[in-house]
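Have a look at the structure below, then try each task before reading on.

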Amino acid sequence: MQVDAWAIDELEIRRQSDHVAVCSACNGEGKVSCATCGANGKVLCMECNGARKMYGYASNGARRLLNCTRCRGKGEVDCATCRRGIAVCATCNGERRVQRWIEVERWSRADAGAHPAALARHYGLTGLSANRAIEPVGAVIKEIERPHGIEAADAPGVPRQWLEILPRPQPGERVVQQKLRVVRIPRLTVSYTLGRARGEVEFSGLNLRPPAPGTSDIFAARRSTLRNLAGLLVLIFITAAIFVVARGPFYWSLPSALALATILITFVCIWFAVANATGARRHVVGWSAGAFAALLLAALFTWIGRPTEEHAAQAIAAGSLDAAAQELAALGAGEDDPIWADLHLARITQTSDLGAIRRELARIPRHLPQHAAAVRTYLPRVRDAAVREAERARALTTARERLNARLAAERLWMEWELASGRSGTPELIAVRTEMAHDLTILEKEQR
């Protein structure tokens, strides 16, 4: 029977096709094999799950395995839906015949879309958006609705490519209603220049809504450039500061601090110059001049704070020996350099500690004139120390104490003789004579 589902009346096709036919499920027998038990007539016992036994209490009260009371220990029971595996046909209910007819089944599918899709997503619109949702975006200038697919004749003035994007029916479908809404959305394009780069920003809609943030590659590139430049300049400044501090205490001075400060100002001016060059380009010359001036000041402070032998000599003459030593260490002058000998001689001159004098004297090369000058300063002090020890020994009361003091005086006289190139001086002989006298006294006391 050929049926056109789109042209025939549903009631008429049912009336014409209504008839009684043999039940195809049971082939007109009214009975079928039971699907529940598989035509076996038996099903698994649900009480013991086919195990035939269950735990229970015997007559004596003991708990043990007993035969299942439902299946009587067989593990299966008679099927409740059939008799010996034969069940009544559920389709015809055992009547062997059924009534049949043809019905038309209908369903619908709604398909909507918007063009351009990107612009619709930007405003949160869909093909089903109400007019009140479209009002802030644009004006509806045409609205066409037809009980069939819209063709070019139904939409005069509408570009043909817009009609081509309308939803089309799939095989087996038919358009029962189609609606086309044409909206005029104003668009304003603003051109701009950022540094040497040019770009455009497009505003759309009646409220001139801007595009989503982060869509301009020019601004993103500028932001990345400035961020990277700032990181590089900070890294260079930190490296320079660490280098200055690590070079030694001499560089922990006001000129070095001023040099670092002006370097920092230079980097700040460089960053602002680049920011202006890649942006409005208004103050590039000013910031560049500031960076150049700050760089010159940094070079000037660095030059002022540099170590020199002349400045170290002035510090030695002024008595600032620690500062002079730091400057000479920063200068990298060797121990054989006469300027170091001047420093050691100045320390010898300023101190009365014989131990310190000996250490400083040992650092002065013998071939330098400063060594002879240091010896001339050193000899009187050793002689005076020896005389003081000898006089102190005469004031002591016990022979043991006098002997220890005269031993110290002897060492000092011997050191004086060695440094002066003399030997057998009367002072040393006198001390040793007194030491012999003290030893005699100690021996008598021990006996």
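**Exercise 1.** Which residues does Leu229 touch, not counting residues up to four places away in sequence?

*Solution.* Before we start, note that this is a predicted model, in which local features need pLDDT of at least 70, side-chain atom pairs count only at pLDDT 80 or more, and totals for chains, interfaces and linings use all residues. Residues are numbered from 1 along each chain as its sequence is written, and side-chain values use heavy atoms, with hydrogens and water left out.

Step 1: locate the residue. Leu229 is found in helix α5; helices here are DSSP runs of H or I with at least four residues, strands are runs of E with at least two, and both are numbered from the N terminus.
Step 2: list its partners. Leu229 touches Trp271 and Val274, where contact means heavy atoms within 4.5 Å.
Step 3: check the distances. Leu229 and Val274 are 45 residues apart in sequence, and their C-alpha atoms are 8.8 Å apart in space.
Step 4: classify the exposure. Leu229 has 16% relative accessibility and therefore counts as buried (buried means under 20% relative accessible area, exposed over 50%, partly exposed in between, with a 1.4 Å probe and protein chains only).

**Exercise 2.** Describe how helices α10 and α11 pack.

*Solution.* Step 1: take the geometry. The axes of α10 (residues 338-350) and α11 (residues 354-363) come within 9 Å and cross at roughly 165 degrees. Axes are lines fitted to C-alpha atoms, for helices over the stretch in contact, and angles run from 0 to 180 degrees between N-to-C directions.
Step 1: name the arrangement. The two helices, α10 and α11, are therefore roughly antiparallel to each other (over 145 degrees; under 35 is roughly parallel, 65 to 115 roughly perpendicular and the rest oblique).
Step 2: find the contacts. His344, Arg347 and Ile348 in α10 meet Ile357, Glu360, Leu361 and Arg363 in α11. These contact residues divide into three nonpolar, one polar and three charged (Ala, Val, Leu, Ile, Met, Phe, Trp, Tyr, Cys and Pro count as nonpolar, Asp, Glu, Lys and Arg as charged, and the others, Gly among them, as polar).
Step 3: look along α10 itself. Its buried residues include Trp340, Leu343 and His344.

**Exercise 3.** Which residues other than glycine have a positive phi, and where is the cis peptide bond?

*Solution.* Step 1: recall the background. Most residues other than glycine have a negative phi, and most peptide bonds are trans.
Step 1: take Ala39. Its phi is positive, about 65 degrees, and Ala39 lies in the loop between β2 (31-33) and β3 (42-44). Ala39 is partly exposed, with a relative accessible area of 38%.
Step 2: take Leu208. Its phi is also positive, about 50 degrees, in the loop between β12 (197-204) and α5 (217-246). At 39% relative accessibility, Leu208 counts as partly exposed.
Step 3: find the cis bond. The peptide bond from His115 to Pro116 is cis, with omega near 0 degrees, and Pro116 is found in the loop between β8 (97-100) and α2 (117-122).

**Exercise 4.** Is Asp154 buried or exposed, and what does Asp154 touch?

*Solution.* Asp154 sits in the loop between β9 (139-146) and α4 (160-164).
Step 1: At 17% relative accessibility, Asp154 counts as buried.
Step 2: list the contacts. Not counting residues up to four places away in sequence, Asp154 touches Ile144, Arg146, His148 and Gly149.
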